[in-house]
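I opened the notebook to record what I looked up in this structure. The entries follow in the order I made them.

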Amino acid sequence: MVSINFNKRFLLSPLQGAGARVGAYYSLNHQSPAVTFAEATVKGQAPDKGLYFPQLIPLLPKGFIENIGDYSKEEIGVTVMQPYVGDSIPGNVLQHIISETINFEFPLVKLNDAVYSLELFHGPTLAFKDVGARFMSRCLGYFNRNSNHHTTVLVATSGDTGGAVANGFLGVEGVDVVILYPSGKVSPIQELQLTTLGQNIAALEVTGTFDDCQAMVKQAFMDNDLSQKLQLTSANSINVARWLPQQLYYFFAYQQWADGQPPVISVPSGNFGNICAGMLAYRSGLPVQHFIAACNANDVVPQFLESGNYTPKPAVATISNAMDVGNPSNFVRIMEMFDQNTGNLKSMLSSYSVDDATTAQTIKEVYTKCGYMLDPHGAVGYYALSEYLKTHPNGKGIFLETAHPVKFPEVVEQATGTKIPFPESVQYLAAREKKSILVDANFESLKEWLIGRG
Ligand SMILES: *Cc1c(COP(=O)(O)O)cnc(C)c1O
């Protein structure tokens, strides 16, 4: 274990004074009181609708970063997460939670001399959201251990989130999970991952769009009848327990990074939770040259960095659909980390918008040149990194490959002309039976179902 000197080694978060505490969180809307990690996890969002942000960002010891190769993944996980968890979880329990959260590989794969892929799809649902969902589910299970009322996790998904949350929460005592997904609009593997688990997981198949699902969930959180009858919480990346453990990817990448100069890191971004976690790791002392937010046609952030105007828009549908977000919820956290100063932010972050034709072309080219099969999200990350390296020819970089290509078979098979083998780890799904509950795309249908079963 690495010991961190709490008094000297913590940076103060920009807006907090001398009263700041380890493992405490303030609301970015500044109207609600500060809370512990446990409260922030259970609540999800502050009562004033602000996102929670840590009062203190740890500054990790130099020796830990320099000798990171000497530490196990579990030791890195505990060292990085302990200051954020504070007193909410005892050390031995945290260690157990971390070891269950990260018990698969995070390989860094070389594509050419300048570009590496950090594969984040080796978890049970083949996308990077597994780490956040597994960590959050176990934390919530721990916080609920002595409670006799159930928590209901309500989540809308366009595909990946639902599977990761379902898998992460499967069998967790005291927690019921209700997933809303748009009928006919998720890929076959994604649907099997959502609908075949049973136990404490229910899948509501909504005859509508993802936007309908999201609107139904939002309304449920504001409904008085439901909040009296059920203890509802959300499991998206605004929750600190889902957001913060994503920092570990960046430490695992650095552990495998053999080059003398720090990497440029390109992150396929939608809600900006993952890249925000990377930037937090950087603020804690992890060496990074520059970050790239790789976006699809949903270009609010690239536009903002260019023009200075932040203009949210309705999401447009793309082939990298997990990034179809018109108003990225975590961007306020990134601004907070850079003192709400766009100039400071720009010195560390660039952003590119990549259209669908370029994404498909990138999948094809990389397959032809390197024999490496990208998924559409990773392809956006790869392309944005290549663009940046054109103007920074001495740089070397990593893009995050956030999902396995088999989750998006139509796009990838068309671009490469090759059938994607079904990974062994998910072959069991093919034999499972889909169980979903059809509901109309309106809030009343959801409410009726929730109350009827509660
Ligand atoms: C969720 C997701 C993203 C976007 O991550 P954010 O943290 O929302 O920016 C990118 N790729 C895949 C495959 C995803 O599932």
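Which polar backbone atom is 3.2 Å from an oxygen atom of the ligand? I found that the atom belongs to Gly273. I noted that this is a predicted model, in which local features need pLDDT of at least 70, side-chain atom pairs count only at pLDDT 80 or more, and totals for chains, interfaces and linings use all residues. Residues are numbered from 1 along each chain as its sequence is written, and side-chain values use heavy atoms, with hydrogens and water left out.

A polar backbone atom of Asn274 is 3.0 Å from a ligand oxygen. In the side chain of Asp160, an N or O atom is 2.8 Å from an oxygen of the ligand. On its own the ligand has 380 Å² of accessible area (Shrake-Rupley method, 1.4 Å probe), and the protein covers 97% of that area.

I looked up the nonpolar cores (sets of buried Ala, Val, Leu, Ile, Met, Phe, Trp, Tyr and Cys residues joined through side-chain atoms within 4.5 Å). Buried means under 20% relative accessible area, exposed over 50%, and partly exposed in between, with a 1.4 Å probe and protein chains only. The largest core has 98 residues, and Phe37, Phe135, Phe169, Phe251 and Leu345 have the most contacts inside it. Helix α5 (residues 129-143) gives the largest share of this core, eight residues. Helices are DSSP runs of H or I with at least four residues, numbered from the N terminus. A second, separate core has 30 residues, including Leu126, Ile189, Leu374 and Phe399.

I found Ser99 in helix α4 (residues 91-101). Is Ser99 buried or partly exposed? Ser99 is partly exposed, because its relative accessible area is 24%. A polar atom of the Ser99 side chain lies 3.1 Å from the backbone oxygen of His96. Gly77 is 22 residues from Ser99 along the chain, and their C-alpha atoms are separated by 8.2 Å.

In α19 (residues 443-453) the buried residues are Phe443, Ser445, Leu446, Lys447, Trp449 and Leu450.

Definitions and conventions
Helices (H or I, at least four residues) and strands (E, at least two) are DSSP runs, numbered from the N terminus. A polar contact is a pair of N or O atoms within 3.5 Å; within protein, one must be able to donate a hydrogen and the other to accept it, and residues adjacent in sequence count only if both atoms are side-chain atoms.
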